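Hi,

Here is the structure I promised to pass on.

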Amino acid sequence: MDKLPKTVAPELPSLEAMFSSFAKYRPALNSFQGDGQRILLSQSDAWMQQALLLGKERPFTLTETGVLFFSFSKSSLDFDEFQQFLEKLCDSKNIDVEKVKLSLVSCGPPGIVS
């Protein structure tokens with residue numbers, strides 16, 4: 001009996017790699033011009049929407065992400081600040097941050113609709 005080849009699941013990108021991709025996605029006219037080092041609220045929200053984390057009947061709302069994002073008193077966040085943002089957002093709703101990170105790395109590159 002022939003053995004079937006094992007199916008190998010594709011390796012997921014790192015959170016930092018996905019952050020960089022979404023930080024380059026639809027850049028606004030800012031000084032950093034979407035260099036992948038800092039993410040805007042609109043880019044973060046687009047990422048969370050694509051990961052099915054944001055919107056009606058989803059874990060988070062635009063209001064929640066906006067209020068928390070701007071509590072950093074910055075128009076954009078670097079990767080370390082974004083991780084703090086995720087932790088605070090998840091803590092506020094008693095949601096496992098690791099599950100949220102998994103959703104963020106599993107949603108595909110910017111602009112891909114599942």
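Let me start with Gln43, which sits in helix 2 (residues 41–50); helices here are DSSP runs of H or I with at least four residues, strands are runs of E with at least two, and both are numbered from the N terminus. At 1% relative accessibility, Gln43 is buried, where buried means under 20% relative accessible area, exposed over 50%, and partly exposed in between (1.4 Å probe, protein chains only). A polar atom of the Gln43 side chain lies 2.9 Å from the backbone oxygen of Ala23, and a polar atom of that side chain is 2.8 Å from the backbone oxygen of Tyr25.

Before going further, some housekeeping. This is a predicted model, so local features need pLDDT of at least 70 and side-chain atom pairs count only at pLDDT 80 or more, while totals for chains, interfaces and linings use all residues. Residues are numbered from 1 along each chain as its sequence is written, and side-chain values use heavy atoms, with hydrogens and water left out. On confidence, the protein chain has a mean pLDDT of 88, with 83% of its residues at 70 or more (pLDDT is the predictor's confidence in each residue, from 0 to 100). Confidence is highest in helix 4, at 97, and lowest in strand 1 (residues 38–40), at a mean of 92.

Now to helix 4. Its 15 residues reach 21 Å from first C-alpha to last, close to the 21 Å expected at 1.5 Å a residue (the expected span being 1.5 Å times one less than the number of residues). Phe79, Glu81, Phe82, Phe85, Leu86, Leu89 and Cys90 are buried there, and their cover includes helix 1 (15–23), strand 1, helix 2, helix 3, strand 2 (76–78) and helix 5. Just past the helix, Asn94 takes a positive phi of about 55°.

What does Glu81 touch, leaving aside its neighbours within four places in sequence? Arg38, Phe72, Lys74 and Ser76 are in contact with Glu81, contact meaning heavy atoms within 4.5 Å. Glu81 belongs to helix 4 (residues 79–93) and counts as buried because its relative accessible area is 12%.

There are four salt bridges in the structure, each a side-chain nitrogen of Lys or Arg within 4 Å of a carboxyl oxygen of Asp or Glu. One of them joins the side chains of Glu81 and Arg38 (3.5 Å, N to O). That pair ties together distant parts of the chain, with Glu81 in helix 4 and Arg38 in strand 1, 43 residues apart. Arg38 is partly exposed, at 24% relative accessibility.

Another salt bridge is between the side chains of Glu64 and Lys93 (3.0 Å, N to O). It also links distant parts of the chain: Glu64 is in helix 3 (residues 62–70) and Lys93 in helix 4, 29 residues apart. Glu64 is partly exposed at 26%, as is Lys93 at 33%.

Lys101 pairs with Glu98 too, the closest N and O atoms of this salt bridge being 3.8 Å apart. Both lie in helix 5 (residues 97–106), three residues apart, about one turn of the helix. Lys101 is buried, at a relative accessible area of 14%. Finally, salt bridges with shared partners join Arg38, Lys74 and Glu81 into one network.

Cheers

Note on methods. Polar contact = N/O pair within 3.5 Å; in protein donor to acceptor, adjacent residues only side chain to side chain.
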